[in-house]
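Hello,

Here is the structure I promised to pass on.

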Amino acid sequence: TAATSSSDTIAAIASASGAAGIGVVRVSGPRVPQIAHALLGRTPAPRHAHFTAFCSAEGELIDRGLLLYFPAPASYTGEHTLELQGHGSQALLDALLRRMCELGARLARPGEFTERAFLNGKLDLAQAEAVADLIAARSQAGARAALQSMEGVFSRKVDALLQALIALRVHIEAAIDFPEEEIDFLADPAIAHQLQTVRAALADLLREAQRGVRLNDGLRVAIIGRPNVGKSSLLNALAGSERAIVTNIAGTTRDVLRESISLDGVTLELADTAGLRETHDPVEREGVRRAHSERARADVVLLVTDVPHASDDLAWLHDLPVTIERIVIVNKIDLHDAAARIEHHDGASWLWLSVKTGHGLDALRERLKQLAGVGSGEGAFSARRRHVLALERVADHLDRAAHVLTATRAGELAAEELRHAQHALGEITGTYSSDDLLGAIFSSFCIGK
Ligand code: GDP
Ligand code: ZN
């Protein structure tokens, strides 16, 4: 699909559909200079706003508006591009788009402008994805983070890591090239140290990327616990207190109730699962099974209990992956005359609160915002799950390389692991990419971007 990009000229309505003050038609490709000439009657000045009539082939007025011409390569796509700003009427914009096609353009596919920008080296793949994430951002924190990624904050960190990895590979491959000295070379503590440094930098980047995914997609919170401990009340309290977007997400099952709420500019994806308990009723068992899978794919598991030391309930936290945050809610303190408080031990945050009176709920909100990445500072960038998965693969390969080096000193094997690590890292920014991956990424864009 990408191969045709430079030979033909694409056009699309770039503004949102529906009536609006202005609407934008965007055109990119080799025919743009002729199209611009046909519309304006002369060659437009680069990057100047020309106020002009947009006319049909028969000379009939379609609309009157601004024409902006960006010659290659100083344009979004890196090709000649044209931006026509007219009135935001769907009918007018459709007519203008048809006119572009008469003049030799074809309709653009979703994301095709950004795909061309990527193919022409205007932005890398992570930056291109950030463009779509920025457009789709549902919170200010999310939009800010996507902007950072679009500006290349994430990509530069990936590239720095890539350079360090390449240097390490060169070092090890040099050792392999001198087999009689290989053992000595590989025993060099500098190599082990270099590997450790890269591994530590990767761990940092992985954490930042995980936060970036949360900023992008929202924090996924699974609420679990026995029946009647107050799970649904808690969900309602979190959702209702915000006077913000409260939507039922499609795909709600009988057993898992989902709510998407906005907490001071961050999105929380809450899932209230069926009560967890051992049961022989097949229907209820299905509910428990879903609660389990919900638990495993969450960023945060909120275990609700109504007794302070419910060791049976706590068993639900034991086999969770370490990357999942655990919060234990000891609810109904109003019944026990206990004070709201927060503690951190046993790998979890413990919050004593009462959903009924509201005491302690603010501490929970703060903790959730913190976990969602809010207040994480200037440089917080957005990321996608595929980036995190790639970084996890890089970590695996680095660990294997380190193991091979210390256990066997097999330079070839270590170099091979580093090559895989380098490849996985390069997939993030698109140094290595397949047509399938590009297709999957750009087809999820909107048309005109
Ligand atoms: P779920 O089955 O875990 O979803 O529990 P519910 O949210 O349906 O609540 C079960 C019962 O506990 C309801 O009668 C709630 O009103 C009550 N409840 C929830 N939170 C509190 C609390 O903080 N204090 C008291 N006293 N009752 C509560
Ligand atoms: Zn419930």
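Below is what I found, starting with how to read the model.

This is a predicted model, in which local features need pLDDT of at least 70 and side-chain atom pairs count only at pLDDT 80 or more, while totals for chains, interfaces and linings use all residues. Residues are numbered from 1 along each chain as its sequence is written, and chains are lettered from A and ligands numbered from 1 in the order in which they are written.

On confidence, the protein chain has an average pLDDT (the predictor's confidence in each residue, from 0 to 100) of 87, and 90% of the residues score at least 70. The model's ipTM is 0.98 and its pTM 0.80. Two stretches to treat with care are residues 1–5, where pLDDT stays under 50, and residues 242–254, where pLDDT also stays under 50. Where pLDDT is low, the predicted coordinates should not be read in detail.

Now to ligand 1. It is surrounded by 16 residues (C-beta atom, placed from the backbone, within 6 Å of it), and Gly230, Lys231, Ser232, Ser233 and Lys356 are the closest. Helix 9 and helix 12 (333–336) each give two or more residues to this shell (helices are DSSP runs of H or I, at least four residues, numbered from the N terminus). Helix 9 has the largest share, three residues.

Ser232 sits in helix 9, which covers residues 231–240. An unreviewed UniProt entry lists Ser232, along with Thr253, under "binding site"; such annotations may be inferred rather than shown by experiment.

Best wishes

Technical notes
Two residues are in contact if their C-beta atoms, placed from the backbone, lie within 7 Å.
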